[in-house]
Amino acid sequence: MSNEDGGNVVTVLVPTGALGAGVIESEVAYGIGQGAEVIAADAGSSDSGAAYLALGVAKYNRGAVRRDLEILMRLAWPKRIPILIGTSGQAGADANLAWLRDIAIELAGELGIAPRIVCLRSEISGNQLKQFMREGRVTPLSPATQLNEAAVDACDRIVTVLGPEPYIAALRDGADIILGGRTSDPAVIAAFPIMKGAGVAASWHAGKIAECGGLSSDSHNPGSGVLVRIAADGFTIEPLALAAHCSVRSVSAHMAYENADPFRLTEPGGVLDVTDAHYEQRDGRTVSVRGATWMPRPYTLKLEGAGARQYQTVMLVGIQDPIVLRDLDAFHDRMQAALVRRVIDTIGADAGDFIISVRLYGWNAVSGERVPMGTPPPREVGVLFVATAQTQDLATQMAQACNPVFFHLAIPGHSEMPSYAFPFSPAYVPRGPVFEFLLNHVVAVDDPLEQVRPEWTEVAVKEMAQ
Amino acid sequence: MTRVGDVCDLVRSKNAGPFWITIDLFFDGPDMFARHARSSGLNAGAIARLYDVNAAQVRHFLVESLALLKISFPRRMPQGGIEERDLHGGQQFVRLIGVELDDVNAWPH
C-alpha cells in the first residue's frame with residue numbers, strides 16, 4: 001500500500017477469528033507474500049461461557065488447535081515473523097496457557113525449530129484480589145455492584161484482561177511466539193503496530209474490526225482470516241481468501257457485533273471512539289478506514305472470575321400424544337407441581353435449596369413465557385427436566401426420585417397411564433456444575449505490566465530428521 | 001400496521017460480554033430507518049417491559065450510516081446461570097419481530 005501519510009505502515013496478518021477454528025494454509029501464505037510483519041490472533045473469549053475459565057480447559061480440541069498453530073509456526077519461521085496469540089486455551093488462565101505452550105513446544109520439536117516462546121501469565125489468586133479490594137483499587141462495571149469477598153471465594157479461577165503493553169515488552173525482549181493469558185481481543189492485533197509507531201487509534205480500530213477474522217467480510221464464503229495495513233491515521237482491511245471481499249457495510253457493521261456500544265469501546269488504558277470514522281471502498285476486496293480517536297484513561301485491568309455454586313442433573317422425554325399437546329401450559333404446570341412435591345415427599349429437608357425446572361422444547365422453552373392465545377399445538381415437544389441442587393449427588397437423587405412422575409404423569413380424565421418417550425438409559429444425566437462469571441469489575445494499576453508474569457521457554461533444537 | 005419484521009432486513013441479538021444483551025435492528029434503507037427507528041414500541045419503557053429489565057439501564061444507539069438501531073441492556077441473569085435458556089443471547093431478537101412501529105419521534109433521549 002502506498003503510504004499517503006509518510007509514516008510507517010504495519011501489515012498484520014490475522015489468520016482466524018479463533019485459533020482452533022480453522023486456519024487455511026493458502027491464506028497465510030498469501031498474507032506473508034503480501035508482506036505481513038506479524039501474525040496475531042486470539043484463541044479464546046468469554047463468549048462460550050464460564051466453564052472454560054472455571055475449569056482451566058480449552059473449548060476446541062487439541063488436534064484442531066495443534067493443526068492451526070502448526071501452519072502458523074511453519075510458515076512464519078523462515079522469515080522470523082512473530083506470532084502473537086491472545087487468550088490462550090479459550091480462557092487464558094495459567095492452566096489454559098500451559099496447555100497451549102505444551103502444544104507449541106511439541107510443534108517446535110517436530111518442525112526442528114527453536115523459537116523463543118513466552119507465556120504472559122495474567123491469572124491472579126483470590127487473596128491477591130482481596131488485597132486489591134482493601135487498597136480500594138477495584139471498581140464495579142455496569143450492572144455490577146461493589147465486589148464482596150464471598151464472590152471472590154466462589155471463583156475457581158480469576159484472570160486479569162491484558163492490554164497490548166505486555167506483548168510489546170515481550171517483542172522487545174526478542175520473543176518469536178507470544179502466548180497470552182486473558183487479553184482484550186483487539187489488543188493482540190494492536191500491539192505490534194503500536195510498537196512500530198502506527199497510529200494508536202488506528203491500531204485499536206483495526207484490532208477491533210479484525211478480531212473475528214473473516215467475519216468482517218461480506219462473502220458467503222468469507223474464508224478464515226484478514227490482512228490489515230495500519231498507518232498513522234487509518235488502516236485498510238482485505239480478506240485473506242482471494243474470492244472473498246470486504247465492503248464498507250461489512251466492515252463498519254462489525255463495530256456493532258457483540259458490542260453493547262457501536263461507537264465507543266473501553267479498553268485497557270483508554271477508550272476507542274469511532275463516531276467520526278469514515279469507511280471507503282478501496283477496491284473490490286479492500287476497505288480503507290480512518291477517523292477513529294483514542295482517549296487515554298487511567299489504566300485499568302478488567303477482571304474475569306468463574307466458579308460454580310450449584311449442580312444440575314437433567315432428563316429428557318419426547319411427547320407426541322395429542323391429548324397432552326392440546327393444552328401444554330396446563331401440562332407444564334401440573335408436571336412442575338408434581339415434581340416439586342415428589343422431591344419434598346422423598347428427600348424432604350435434606351434437599352436443601354433446590355430448583356426443579358421443566359422446559360417444553362417445541363413450545364416455549366427458549367423464552368419460558370406463555371405463548372399467545374390460539375397458538376396451534378406442535379406435532380411433538382421435548383420436555384427437559386433440570387434439577388439444580390447444592391451437590392451433584394443431591395441433584396441426581398432428585399432426578400431419580402422424579403423419574404416415575406416425569407415418565408408417567410397422568411392425563412386428567414384418562415385412566416390409561418401414559419409413558420413418555422425417554423431417549424436414554426439411565427434416564428438421568430448428571431450435567432455437572434453450573435459455572436457462572438462472578439466478577440464484572442476492574443482493578444486500577446499504575447503500570448500495565450504490573451500484573452503480568454512473563455515465563456520464557458527455551459526450546460532446544462533437535463537434529464532434523466532428514 | 002407496520003411491524004419490525006416488515007421494515008428490517010436483519011434483526012439479530014447476542015451477548016455483549018456475559019452481563020449484557022445487545023440487539024441490532026438493521027432497517028431496510030435510510031427511509032425506513034428515519035420513519036421507524038424512533039418508534040415508541042422500541043423505547044426504553046417498551047424494551048424494559050418486553051424483556052423484564054430496568055428501563056433506566058436500556059441504551060439506544062442510532063447508527064445512521066448503517067440504518068442501524070442498536071439496543072443494549074443488562075441481562076436479567078448473567079450468562080450461564082441456573083435458569084439459563086439462551087447462553088449466547090442469540091434468540092432474544094425474536095420477540096422484537098412482531099413489535100408494532102409508528103412514524104413519530106416518540107422516545108425521549
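Helix axes here are lines fitted to C-alpha atoms over the stretch in contact, and angles between them run from 0 to 180 degrees between N-to-C directions. The model toured below is predicted.

Select residues 328–346 and 392–408 of chain A, which are helix 12 and helix 13. Their axes lie 9 Å apart and the helices pack at an angle of about 135°. That angle makes helix 12 of chain A oblique to helix 13 of chain A. The crossing is right-handed. Display the side chains at the contact: helix 12 of chain A contributes residues including Met335(A), Leu339(A), Arg342(A) and Val343(A), and helix 13 of chain A contributes, among others, Met398(A), Cys402(A) and Phe406(A). Coloured by class, the contact residues divide into 10 nonpolar, 1 polar and 1 charged.

**Second stop: helices 8 and 9.** Move to residues 185–195 and 200–210 of chain A, where the axes of helix 8 and helix 9 come within 7 Å and cross at roughly 145°. Here too the crossing is right-handed. Among the residues in contact are Pro186(A), Ile189(A) and Pro193(A) of helix 8 of chain A, with Val200(A), Trp204(A) and Lys208(A) of helix 9 of chain A. This contact has 9 nonpolar, 2 polar and 1 charged residues.

Select residues 126–134 of chain A; Leu129(A), Lys130(A), Phe132(A) and Met133(A) are buried. Viewed down the axis of helix 5 of chain A, these buried residues fall within an arc of 155°, so they line one face of the helix. The face turned away carries the exposed residues Asn127(A) and Arg134(A). Finally, select Gly136(A), which follows helix 5 of chain A and has a positive phi, near 70°.

Methods. Residues are numbered from 1 along each chain as its sequence is written. Chains are lettered from A and ligands numbered from 1 in the order in which they are written. This is a predicted model: local features need pLDDT of at least 70, side-chain atom pairs count only at pLDDT 80 or more; totals for chains, interfaces and linings use all residues. Side-chain values use heavy atoms; hydrogens and water are left out. Buried means under 20% relative accessible area, exposed over 50%, partly exposed in between (1.4 Å probe, protein chains only). Helices (H or I, at least four residues) and strands (E, at least two) are DSSP runs, numbered from the N terminus. The arc is that of the directions from the helix axis to the C-beta atoms. A crossing is left-handed if the near helix is turned anticlockwise from the far one by less than a right angle, and right-handed if clockwise. Contact means heavy atoms within 4.5 Å. Ala, Val, Leu, Ile, Met, Phe, Trp, Tyr, Cys and Pro count as nonpolar, Asp, Glu, Lys and Arg as charged, and the others, Gly among them, as polar. Angles under 35 degrees count as roughly parallel, over 145 as roughly antiparallel, 65 to 115 as roughly perpendicular and the rest as oblique.
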